[in-house]
Every structure is written in C-alpha cells, then in structure tokens.
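Hello,

Here is the structure we talked about. Please open it next to this note.

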Amino acid sequence: MKKILLLALVVLLILAFFILDLDRWLTLDALKQHQAAIAGVRAESPWLMAGGFFLLYVLMAALSLPGAAVMTLAAGALFGIVEGLVLVSFASSLGATLAFLVARFLLREQVQGRFGNRLQAINRGIEKDGAFYLFTLRLVPVFPFFVINLVMGLTPLAIRTFYWVSQLGMLPGTLVYVNAGTQLAAIEQPGDILSPMLLGSFALLGLFPWLARLVLQRVRRHRALKGHTPPRRFDRNLIVIGAGAAGLVSSYIAATVKARVTLIEAGDMGGDCLNTGCVPSKALIKSARVAHQLRHADRYGLNAGEPSFSFTRVMARVGRIIDKVAPHDSVERYTALGVEVVKGYGRLVDPWTVEIITAEGQTQRLSSRSIIIAAGAEPLVPNLPGLKEVNYLTSDTLWQAMRERETPPARLLVLGGGPIGCELAQAFARLGSRVVLVQRNARLMPKEDSEVSEWVKRTLVADGVQVLTGCDVDHVETNGTGMRLHARQDDSAIEIDADTLLLALGRRARLAGYGLQELGIPAERTIDTNEYLETLYPNIYAAGDVAGPYQFTHTAAHMAWYASVNALFGQFKRFAVDYRVIPWCTFVDPEVARVGLNEQEAKQRGLAFDVTRFDLEELDRAITDGAEQGFIKVLTEPGRDRILGVTIVAEHAGELLAEYVLAMKHNLGLNKILGTIHVYPTLAEANKYAAGEWKRAHAPERLLAWLARYHSWRLG
Ligand SMILES: Cc1cc2nc3c(=O)[nH]c(=O)nc-3n(C[C@H](O)[C@H](O)[C@H](O)COP(=O)(O)OP(=O)(O)OC[C@H]3O[C@@H](n4cnc5c(N)ncnc54)[C@H](O)[C@@H]3O)c2cc1C
C-alpha cells in the first residue's frame, strides 16, 4: 500500500510538471530572459531565494526531471561561484539520494527477486567496489545521472556510500557549470560548456581511483618483494605445503601436466579428512547407526535389544578403515603419479624458497616458481577459564584417545552444536555414552533453517542426547574423576558433570609457524587471497581450509584445481574460483544436505522465492525402509523454473542432493527433473516428486479451466 501511494505521488508530480509545461522555464533562453527579475527577488529576500532554489533543485533531482544543467547554470548566475557551488552540490546529492531511495523502495525487491541469481556477480561487485564504480560513473558522463540514481537504488550499495561518493563525484562537473553560470551571457547552449578536452579530463579523473588501486596493489607487491631476489633458475615448477585434500589435488594436477612438483607434509598423508576428520567420523557414525538399528530392531519385525559390543573393536574398525583409504593418499601412490613427496615441515623463506625440516632433523631448501599453501585448519580451543587444567579432547586428539579406551565415555560433554558437534554427539549417544551437548546459539546448526535445527535437535534428543541451547559457558574445573562445567542458561546457573569433554567449536586456519608473518602475507582468520587464490605474492597461492571461505574436503579439492592451474599457467590465463554451487552435508541421522540458498539466507538477501516441499512419508521406498523421517525443500524463483537452493533432511540426503547440484550447476530446472525417469522404488524418486509438487503448484489454472470445459463439451 505504501508503495502504491509513493508511486502515485511520484507519477502525479511528474505529470504535473509536464502538464503545466514547467519545463519551458528551464531553458537557457528563459533563464537569460528572467535573470534580472530573479536577481531582484534575490536582492530582496536572499535566504528565501536560496532556500527555494535548494528545495526546487532537490525535488527536480529526486523526480529525475530534466533541467539540472540549466538549474546549475542559474546557481552560478544568481548566487556566484561559492554559494552556487555549495547549494547545487548539496541539493543535487540529496535529490539523487532521494531518487536512489525511491527506486530501492519501489523496485529493488522485485528486481532482485526476479533476477537475483543472475545479478549475483553484479551484487558482489557492488558490495566490493560499489564506491569505485559510482565515482567513475559520476565523473565519466556516459550515462545520464538520473539513470545512475535509479539503477544504483536496485543494487546493494549502502545509502551513505551512495551519498558521499555522489557528492564527491559530481563536484568537478558542478564546479564547471556553476562557474560557467557566472558568465551566463556568453553561453549559447548548455552543451557548449563541456569541451572534448574537459570531458577527457573528467574521464581520466573517473579512472583515477582504479589506477590508484592498481598502483597501490603493485606498490604493496613491490614492497613485499623488496629485498628478495628471485633465483636465476628454479628447482621446481611448483611446491605444495600440506598433503590434505587441497595439497594432494594440487600436486596431482601439476604432475598430470608434467610439472616438476614437490609435496611437503609434516604429519600424515591425507590431512585431516583421512586421519582425524571425515573418514574416522563417518566410520564411527556407521557403527553407531548399526547399534541404533539393533536397539530398534522391533521396528523391522526383529527382536530389539541393547546392542552388545566391544568399543575396542569399534575403534579398531575405525582404524582399519583409515588404513584402507590411506593408500589413495599415500606417498607411494603420489610418487607413482610423478609427485615428489617430502615428509617434513615446510617453511617459506622467501617468495620462491621453501625450507623443509625433515622428521630426522635434516634441512633442505628448494626454490620454485610457484608455491601453494594448503596447510589446512585446526580445532578452535577457546580461552575458557579452567580449560588448561582439564584433559579436554578435540577432533585432532579424540581418535587416539578413544582407541586407548575399552568403553565409550560414560558421560560425554560436547561443546559446540555445529555439524561436527552434532554428528559426534549422536554417534556417542548411540554407542551408549550419556551425552550433553552445549550450544551457545539459540539453535543447533544455525546456518540451516530453524525447522532443520529443530529437526536435528529432536533426533538428537530422541537418541538420548541432552541438548542445551542458548547456553553460555562460564568456566570448567576438575572434579574428582572428571570435570564440572559451569554455564548459564536463561539467566540460571547450571552445572554439568562429565568425564570427557570434547570441543567442537569450529576450526581455524593454520596460519602460524611457516613464514606467513615473516613474509608479511596478510592472514587474519584465513590467508587473504584474491579470486585467483593468489596471496600478496602473485606466485604464492592458498587453497583449502587455510584460505576458506568453506571448510569441506570437496571445496578444498575444488580450490586446488584453480590454485594449481593458475600457478602453472597463470601467465597465459587465470581462472577466478567459482563458488556458485557449493553443496554440503551433515551426517547426522537423518542427514541434512544443502546446496544454494535456504529460506533464511534468501530472506537476508531480500530475495523473493517460492518454497516447494515434499515429505518423505509420502514416498514408497522411504515407507518400506522405515525411513519416512525427513523432507525435501526446494526454493525457486517466483514464476520461473529456476532453482535457488535445496535443503534435504533424509536418510542418504547427501546422495539425493547430487541431482540438484547437477541441475543447479547446469541451469536445469525442476521440469527437467520431472521429465527424467527415476528407478522405482528408490529414495531418489523423492526428487522427482518434489519437482511434481512444484509443477502442481504452478499449474496454468486458466488453461486447465478451459480444458475442463473442452472435455465436458466432448462428453456430448
Ligand atoms: C571431525 C571432522 C569431520 C569432518 N567431516 C567432513 C565431511 O564429512 N565432509 C567434508 O567435506 N569435510 C569434513 N571435514 C572437513 C575436512 O576434513 C576439511 O575441510 C579438509 O580436510 C580440508 O582439507 P585441506 O587440504 O584444506 O587441509 P587438511 O586436510 O587439514 O590438510 C592440511 C595438511 O597440511 C599439513 N601441514 C600444515 N602445515 C604444514 C607445514 N608447514 N609443512 C608441512 N605440512 C603442513 C598438515 O599436517 C595437514 O596434513 C571434517 C572435519 C572434521 C574435523
């Protein structure tokens, strides 16, 4: 309603302007003709004149009415250069900002909702460099100002930025026109004021910030390289530090294209994923799931009972599984692929040299034209009073500690309700531990929609986990054989006793100890890289958890392709890393998988969206398997067959998601999924049924009404 009223007011004012033929006053001739009379009024009431002029200018700019050039000349003629410049500068900036706000209020939601996906790159560009673009547009008079005001209103540019950049950017032009206005009699038409020379100067001025930035970048790099002399000959084409997912894939690609590559690993080949992350956690989750199924075997017509098992054997299986996967990432395999693997700690000595200290304490230095840092991340350990005295575990130490035990922890306290905390809390609860999960946020897995968080909480609670959300941890202390955690929830103090404390509070990039600081490579939370994954030094790249923004094995591998290709062939062509379609899955049971936007993110971005849901209790295969818990939620652009994002809560959700990942990556809509044959009875059919739900909700009602008439007529 408010929008309609505003629109009506704007249209009315614009119509009034033209119907009353007010533009006849805004010509150079009219100005010259009435200059003496207006000057007379000004002499009588200078403040009234200045105020009236200011308001009129603001109104005209806000309504995008023509005549700004003449008004600016008038300012010079009537008020002189200083007062005229001040009046026009502020009035034009204010008016432009009002026009910007009107466009934002009336149209932005619709435009972003309709074209949001395709505008992503523009939005990102504006968020990053909006001030630069606007400044250039203001100075280089290619686009009319009113178009700039309106178009910028549709972007995410901050209002404050729009205002001050507009004022600054319009100032030189305003000065030229106001100055010309002081010699009004000499001007034949407004266009005479801007000579090609002057236009060229403005264009140069507009490009100045870009040039300045480029120069600044060069200077920073030059300064960083100062004092370093590149070797005349390099030992390697590429050195990779860290043999996790990012490092392995980088070196694999380099060897495939016949580059001389050395991969340095200080710990175990395979990094976190193989040794302390994905692989052991998924192996443990599988054992826990089987225990859960035995406990609930009556659901399948079998005798249920408390599973009897040896925890030692469960952990031995975890170890065996790591051993079974390990050959994929082994020194032998990579050596056979053509990668030179050196076991040792790598440290950057200069932009081209890495020093390696081997386990035996020997030191070796290698130079390389390019270097990729793939040093990964490590568990976040908070600065919690008492923590140092408590024998806490993290995902790094958990596995070894559990291998040394004969039984699972009797009372396990998990700090952190993100994916790792939820997965491990559920697994240990299913293996018989009494688990308390403490989460500071009001919900578990807060990046997901609240209904997903609720779902995860319900399933954890059903498995016996005590979930405490909105809980602020105060301190921890040793307590007899175990420990006691002191926390606050809803303003009440609570105490939790446990014998084992597992920290799952997130992971932070490994940034210290290998020369980043010494070389001045900016790295606050992660290593700073540009879109080509270059660090401050154009020949040093970073990929995987150490660079972020995602912390998954598949994103580390994805980034590795860009880092290695750019490192080896960047002199010919560089590729900007593509984060458009990133899927992930949390392996709680049922699993939670997602690609693209969920509802909360779409709302945060101000995007309009339709939601289509399909509940698994409708699916035959889910019913036969007793796996009816869960749903598929698809977000689409309103009125279009374009997928914005998908969330799946289901058994094997990670596998089900693959079809949507493919669809989004290749711009396929739900019609294509609906038109694809899926095997009956499979869980994957749920994807087709979700597409069917969408189709039904978007059926052409009018056409169907006509078809109904047609068929009843055919009945005779
Ligand atoms: C419990 C847990 C479960 C997880 N589950 C999943 C999952 O299901 N799916 C998923 O996609 N991701 C999962 N992850 C995340 C995944 O493990 C990481 O995203 C992935 O390992 C990142 O790979 P990377 O190559 O960036 O780093 P890493 O795997 O950490 O590898 C970095 C390597 O660099 C070495 N290194 C560091 N500094 C040096 C140096 N100076 N010299 C030599 N070597 C060095 C380290 O020793 C390490 O081996 C999980 C993580 C954890 C902790």
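The model is predicted: local features need pLDDT of at least 70, side-chain atom pairs count only at pLDDT 80 or more, and totals for chains, interfaces and linings use all residues. Numbering starts from 1 along each chain as its sequence is written, and side-chain values use heavy atoms, with hydrogens and water left out.

The sheet. Five strands form an open sheet, in the order β16-β17-β20-β19-β18. Their pairing is antiparallel. Strands (E, at least two residues) and helices (H or I, at least four) are DSSP runs, numbered from the N terminus. Two strands pair if DSSP finds at least two bridges between them. β16 (583-586) and β18 (610-615) each have a single partner strand, so one side of each lacks a neighbour in the sheet. On average, neighbouring strands are turned by 10 degrees against each other, direction ignored. Axes are lines fitted to C-alpha atoms, for helices over the stretch in contact; angles run from 0 to 180 degrees between N-to-C directions.

Six bridges join β19 (residues 631-636) and β20 (residues 643-650). Lys633 sits opposite Thr647 in β20. Helix α21 (residues 685-697) packs on the sheet and touches β18, β19 and β20. Its direction makes about 135 degrees with that of β18. Contact means heavy atoms within 4.5 Å.

The loop residue. Ala504 lies between β13 (500-503) and β14 (507-509). Is Ala504 buried or exposed? Ala504 is buried, at 12% relative accessible area. Buried means under 20%, exposed over 50%, partly exposed in between (1.4 Å probe, protein chains only). Beyond neighbours within four places in sequence, Ala504 contacts Val414, Leu415, Gly416, Ile420 and Gly421.

Best wishes
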